[in-house]
Amino acid sequence: MKGHGTENDFVILPDPDNELDLSASIVETLCERRRGIGADGVLHVVRTKTVPEAAAMADEAEWFMDYRNADGGLAEMCGNGVRVFARYLVDAGLAEPGELPIATRGGVRRVRLAREGDVTVDMGPARILGESVATLGGNEYSGLHVEVGNPHLACVIGDPVGQVDLSHQPGFDTSRFPQGVNVELVNPVGPRRAVMRVYERGSGETRSCGTGAVASAVAAAHLAGETTGTWTVEVPGGALTVELGEETTYLSGPAVLVASGEWLLA
Ligand SMILES: N[C@@H](CCC[C@H](N)C(=O)O)C(=O)O
């Protein structure tokens, strides 16, 4: 299957009993836009109890989102991915609409969805862990290290983000981010509204990033002296809503399945 959330696109690989040997090179080929199907990442759909690293969550969540970036690397969480994952489960008749717990490497996330319409996920708390700097084309951008299950460096640059060259991996402090980092450029454009572009760890520039939208809202709110509130984050692929609460954060937006088929190279 193929699906997307605000044009952050995924190949969805149903494998309930975890029988596929999903190597990094297979993921890379699947995600390649000319030799493969093309996607920002792979959502490997497996029963939690079949995955040794996730089995402890099996009592809480039947399904595990084994998320892979386009370069084949693992990631802890994907905010758009988990919403598309839930849309797939309901559409395939593997889960009922309502509230659906999904296990991820970042912990269990609760997704709320109906048979149609936007999908919301409780992303858990987003924690600010300090400040750091991203370098891009000879410029330095200060940002906040925000953990949303996965690592982010959200830089509020206050200028239009459209002109910045994001075709290369931004430089970052590897001692702070030993596993790499997702870098966001954020421009607040109105009350609780921001425009964001992102360079995703393991995928390059993408048209949206759910965890990145949460990190961006946290960074923009921090600059405005706020910790709670509902933000609209505009991304190249659409718009996401981020609710910052005292205890947790919520991410809402479209999650759409666009195709199904068979990969012949397996
Ligand atoms: N696009 C995702 C994030 C995917 C993982 C990320 N590239 C990482 O390596 O942490 C989202 O919507 O959150």
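Leaving aside neighbours within four places in sequence, Gly210 is in contact (heavy atoms within 4.5 Å) with Asn8, Gly79, Asn80, Met123, Leu240 and Leu251. This is a predicted model, where local features need pLDDT of at least 70, side-chain atom pairs count only at pLDDT 80 or more, and totals for chains, interfaces and linings use all residues. Residues are numbered from 1 along each chain as its sequence is written, and side-chain values use heavy atoms, with hydrogens and water left out.

**Two listed residues**
- In an unreviewed entry, UniProt lists Gly210 and Asn69 among the residues for "binding site"; such annotations may be inferred rather than shown by experiment, feature names are shortened, and positions follow the numbering used here.
- Gly210 is found in helix H3 (residues 210-223), while Asn69 belongs to strand E4 (residues 63-69); helices (H or I, at least four residues) and strands (E, at least two) are DSSP runs, numbered from the N terminus.
- Gly210 is buried, at 1% relative accessible area, and Asn69 is buried too, at 4%; buried means under 20% relative accessible area, exposed over 50%, and partly exposed in between (1.4 Å probe, protein chains only).
- Beyond its neighbours within four places in sequence, Asn69 has contacts that include Val27, Asp40, Glu200 and Arg201.

**Lining classes**
- The lining of the largest pocket has 13 nonpolar, 2 polar and 3 charged residues.
- Nonpolar covers Ala, Val, Leu, Ile, Met, Phe, Trp, Tyr, Cys and Pro; charged covers Asp, Glu, Lys and Arg; the others, Gly among them, are polar.
- A pocket is an open set of points on a 1 Å grid over the protein atoms alone, where a 1.4 Å probe fits, with protein on both sides within 12 Å along at least five of seven lines; lining residues have an atom within 4 Å of a point.
- Strand E2 gives the most to this lining of the largest pocket, with 4 residues.
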